[in-house]
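Student: Could you walk me through this one? I'd like to start with whatever term we need for talking about side chains and the surface.

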Amino acid sequence: MCDLYLHIGTHKTGSTAIQGALRRHSRDLKDEGILRIPTHHSLLKKLMRAKSSDPAFASQVREELAQNLNSELSSSSDSRLILSYEGLSGHFLTGYSNTEVVAETLRQAFDDLDVEVIVYLRRQDDFVESMYTQMIYQGEAYSFDQFISQSDIDQIDWYDLVNAYGSKFGADKIHVRRYHRKFLPEPYSLIQDFGRVVGSEVLSRYETSKTANSGYSRTALEIARRTNPYLDDREQSQLRGILQASNTKKFFESYSFFAPDERRTFLEQHASSNRRILDEYFPEQDSRLFPKPDFEDHKEWEGLTVERTAITLTRALLAVKEDSPYIVRALEKIERKVGSMLNEHPRAKRVVKSTLRRFGLR
């Protein structure tokens, strides 16, 4: 049994859900001899963006994480340690080009421990589309094409990422898992799968109907994208909460930003890398690393129509609780600030104003 499990993500593969389960069941896990290392976000964000390895920084990583754990990180301990942070895979906007630097820093930080690495991989087109929506959630306003052109995210190579850690800790120490509905059919499947990897009965029997990081509908996302430049950070956060509560997308539901031909070309670009992952980590299991997308099921998004805008904003307003006046005030601000956009759609503006009057806001 290893001394330390490094769960490195990647991004948009349920890391928040895993971390939440580790926190909620920390006492039960301790009884199993498993200790979660509380994350030091500013330190780990710095590590995620690291461009070169530095022994002094590696020592700082170890010392500060040990302080968070309130105990010495020692191979003589009977406990298994878990450090979970998706940024340990590197910086996604650079296409994870610095993964080897992050891996080397962690190797130096934990050179006296027996380390195993857990990584979840998502089909590249799903990954890029999900990362784009995350950036909009965080306040960005660029289009999908701009997101691709202004970053190197389309250059991600899962084999290079996995091999970067394999070269530091040993290929036999890497647990590669697939983040896809085929392999994780239920909301609790991810936690159960993680539990089996780390040898936790508590997590391997985990069940819940809740999912973390609920996204919202394609129309709600477009409304957020267009209104983000008009809102401050607090207002963006409030709008995000309202849209998540009123226009939630389904478990594993994905948006389609790639056109079918673009998606095919993009996936062909990563076919060789995926084949190497399949051959080395999933021999004789499947003919493909990930299931093919259903191109026949592709539906072109019609854009921000009047009807969709009105319905989405009305749902958001109806989700407001009478005992949540701060949300009501936020909606008043948002309604004023998006007025210029609604002016382009008079019918939608009339519906929104009518709903606002129902709440006594107009």
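This is a predicted model: local features need pLDDT of at least 70, side-chain atom pairs count only at pLDDT 80 or more; totals for chains, interfaces and linings use all residues.

Student: How far apart in helix α5 are R107 and E104?

Tutor: They are 3 residues apart in helix α5, so about one helical turn separates them.

Student: And what does E100 pair with?

Tutor: The side chain of E100 meets that of K168 in a salt bridge, at 3.6 Å from N to O. This pair links distant parts of the chain, since E100 sits in helix α5 (residues 99-109) and K168 in helix α8 (residues 158-169), 68 residues apart. E100 is partly exposed, with a relative accessible area of 44%, and K168 also counts as partly exposed, at 24%.

Student: How many salt bridges turn up in the whole structure?

Tutor: A search of the whole structure finds 19. One of them joins the side chains of D125 and R123, at 2.7 Å from N to O, and both of these residues are buried. Salt bridges with shared partners connect R123, D125, D126, E129 and R263 into one network.

Student: Switching topic: how many cavities of 30 Å³ or more are there?

Tutor: The structure holds 2 of that size, and the second largest cavity contains about 40 Å³ of space. Its lining consists of I136, Y137, Y216, A224, N228, Q236, L239 and R240.

Student: Which element gives the most to that lining?

Tutor: That is α12, with 3 residues; the elements that give two or more residues are α6 (124-137) and α12 (233-246). By class, the lining of the second largest cavity has 5 nonpolar, 2 polar and 1 charged residues.

Student: And the overall picture?

Tutor: The protein has 18 helices and 5 strands, and 53% of its 362 residues count as buried. Among contacts between residues at least 6 apart in sequence, 81% join residues at least 24 apart. The accessible surface comes to about 17900 Å², of which 43% belongs to carbon and sulfur atoms.

How values were computed: Residues are numbered from 1 along each chain as its sequence is written. Side-chain values use heavy atoms; hydrogens and water are left out. Helices (H or I, at least four residues) and strands (E, at least two) are DSSP runs, numbered from the N terminus. Buried means under 20% relative accessible area, exposed over 50%, partly exposed in between (1.4 Å probe, protein chains only). Contact means heavy atoms within 4.5 Å. Accessible areas come from the Shrake-Rupley method with a 1.4 Å probe; for residues, only the protein chains shown count as cover. On a 1 Å grid over the protein atoms alone, a cavity is a set of points where a 1.4 Å probe fits but cannot get out, and a pocket is an open set with protein on both sides within 12 Å along at least five of seven lines; lining residues have an atom within 4 Å of a point. Grid points are joined across faces, edges and corners, and a volume is the space filled by probe spheres set on the points. Ala, Val, Leu, Ile, Met, Phe, Trp, Tyr, Cys and Pro count as nonpolar, Asp, Glu, Lys and Arg as charged, and the others, Gly among them, as polar. A salt bridge is a side-chain nitrogen of Lys or Arg within 4 Å of a carboxyl oxygen of Asp or Glu.
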